[in-house]
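Please keep the sequence and the structure open while reading.

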Amino acid sequence: DVSPVVAGLIGATILVVSVSVTVFVWTCCHQQAEKKHKTPPYKFIHMLKGISIYPETLSNKKKINRIRRDKSGPPKEAGRGNLLVDAAESGLIGSDKAPNGPNAVPPIEQLPIKVDYGDELSPDQSLTPGGSKTSSPSSPGDDVTLGDLTFSVDYNFPKKALVVTIQEAHGLPVMDEHTQSSDPYIKMTILPDKRHRVKTRVLRKTLEPVFDETFTFYGIPYSQLQDLVLHFLVLSFDRFSRDDVIGEVMVPLAGVDPSTGKVQLTREILKRNIQKCISRGELQVSLSYQPVAQRMTVVVLKARHLPKMDITGLSDPYVKVNVYYGRKRIAKKKTHVKKCTLNPVFNESFIYDIPAELLPDISIEFLVIDFDRTTKNEVVGRLILGAHSISAAGVEHWREVCDNPRKPVAKWHSLSEY
């Protein structure tokens, strides 16, 4: 009963729909296949201070100098080793004193303390300066190969910009026993000023990460390159606790000449060096524990001799107080900002409900931070008291608080590097 015209329209409609669905399914499958085989899926260009510079266009006709470090010995370029030794002796290399060993606190599944503002650690936070967790059979050691890091260094003379491209890493150790893999990412800092702090994205479940991320640092005169050291910290992200530190790479720019073109380097990842950090000032805090009320009173009194963080030669410091149970942050508070001073007086107290039986697993972290209205706030120094205290003065202070209930114990402590 259907007319030929209607039948033709229905057939054409069915044909068009079938072809469209087929093309759509084929396109989706093709794109999915390309994503799996293309590593990395896209190239990251980091542009600091809002100026757009694409490093791959800076030196199209320049000669690429390749300098590879022999794993069995130091690099042949003159001046590198001397600058690294000088930086270490001057206290310019970061501190790493994580308490790895049988006394480290195991992970906590359930938290008996009830707080409304507790949260877990983020990739940028760690309870100890080393940032590494309790040592495990897969943790890097002296006899474990930590892999290699490949990167390149270039310089843009018109913009006075140092361009660093973190390309890839090879042969990283296994940090996650369940997946037999790692989730690596890299933090980079330019020493000795440590004012340029950047990091790559996290690559999931791989021991051969390809980052291909470019960072451009502006306002660095070429004449100062010989005095700078690139510090790469290789970490493995952990969603449920603090991140694992795999190792570090220290690259003095003395002997590296990017004026003739992009310099590609490959360096062995070494176990993080433990060096005494430069003075970051001092902080005076008072602790008092009330066993009947089961409350810990923390008073941030004052700080002195803080480093200069602003161009005015002063700082705008405030103190952030984090309380940890094991490796989980359960509370956070902060003081008011003290404007334009290197010797601030806070006199602010915080009270925390902590059962007496949990005191051996409690740590209190004090972060002295420089407030900046236009850019990201920068951590000046850190102090840890309690289970994860890394200094003898911190251990003694916590022991005295626990042995003398109801008595306020105030002490000065030197700040360590974050």
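Arg201 has a relative accessibility of 17% and counts as buried, where buried means under 20% relative accessible area, exposed over 50% and partly exposed in between (1.4 Å probe, protein chains only). The structure is a predicted model, in which local features need pLDDT of at least 70 and side-chain atom pairs count only at pLDDT 80 or more, while totals for chains, interfaces and linings use all residues. Residues are numbered from 1 along each chain as its sequence is written, and side-chain values use heavy atoms, with hydrogens and water left out.

**Salt bridges**

The side chain of Arg201 meets that of Glu213 in a salt bridge of 2.8 Å, N to O. A salt bridge here is a side-chain nitrogen of Lys or Arg within 4 Å of a carboxyl oxygen of Asp or Glu. Glu213 belongs to strand β7 and Arg201 to the loop between β6 and β7, 12 residues apart. Helices (H or I, at least four residues) and strands (E, at least two) are DSSP runs, numbered from the N terminus. Glu213 is buried as well, at 1% relative accessibility.

A search of the whole structure finds eight salt bridges. Three of them are tabulated here.

| Salt bridge | N to O distance |
|---|---|
| Asp183 and Arg204 | 3.9 Å |
| Glu213 and Arg201 | 2.8 Å |
| Arg304 and Glu282 | 2.8 Å |

Arg304 in strand β12 and Glu282 in strand β11 (residues 282-290) are 22 residues apart and link distant parts of the chain. Arg304 is partly exposed, with a relative accessible area of 29%. Salt bridges with shared partners also join Glu396, Arg399 and Asp403 into one network.

**Two loop residues**

Thr206 sits in the loop between β6 (197-199) and β7 (210-218). Thr206 counts as buried because its relative accessibility is 18%. Leaving aside residues up to four places away in sequence, Thr206 touches Ser181, Ser182 and Pro184; contact means heavy atoms within 4.5 Å.

Asp316 is placed in the loop between β12 (295-304) and β13 (317-325). With a relative accessibility of 11%, Asp316 is buried. Its contacts beyond four places in sequence include Asp310, Val337, Cys340 and Phe371. Asp316 and Asp372 are 56 residues apart in sequence, with 7.4 Å between their C-alpha atoms.

Phe24 lies in helix α1 (residues 4-37) and is exposed, at 57% relative accessible area. Together with Val17, Val21 and Val25, Phe24 forms a nonpolar surface patch with about 370 Å² of accessible area. Such patches consist of residues with over 30% relative accessible area and no salt bridge, nonpolar side chains (Val, Leu, Ile, Met, Phe, Trp, Tyr) being joined within 5 Å and like charges within 9 Å. Areas come from the Shrake-Rupley method with a 1.4 Å probe; for residues, only the protein chains shown count as cover.

**Whole chain and confidence**

The chain has three helices and 18 strands. Of its 418 residues, 47% count as buried.

The average pLDDT is 75, and 70% of the residues score at least 70; pLDDT is the predictor's confidence in each residue, from 0 to 100. Over residues 47-143 pLDDT stays under 50. Where pLDDT is low, the predicted coordinates should not be read in detail.
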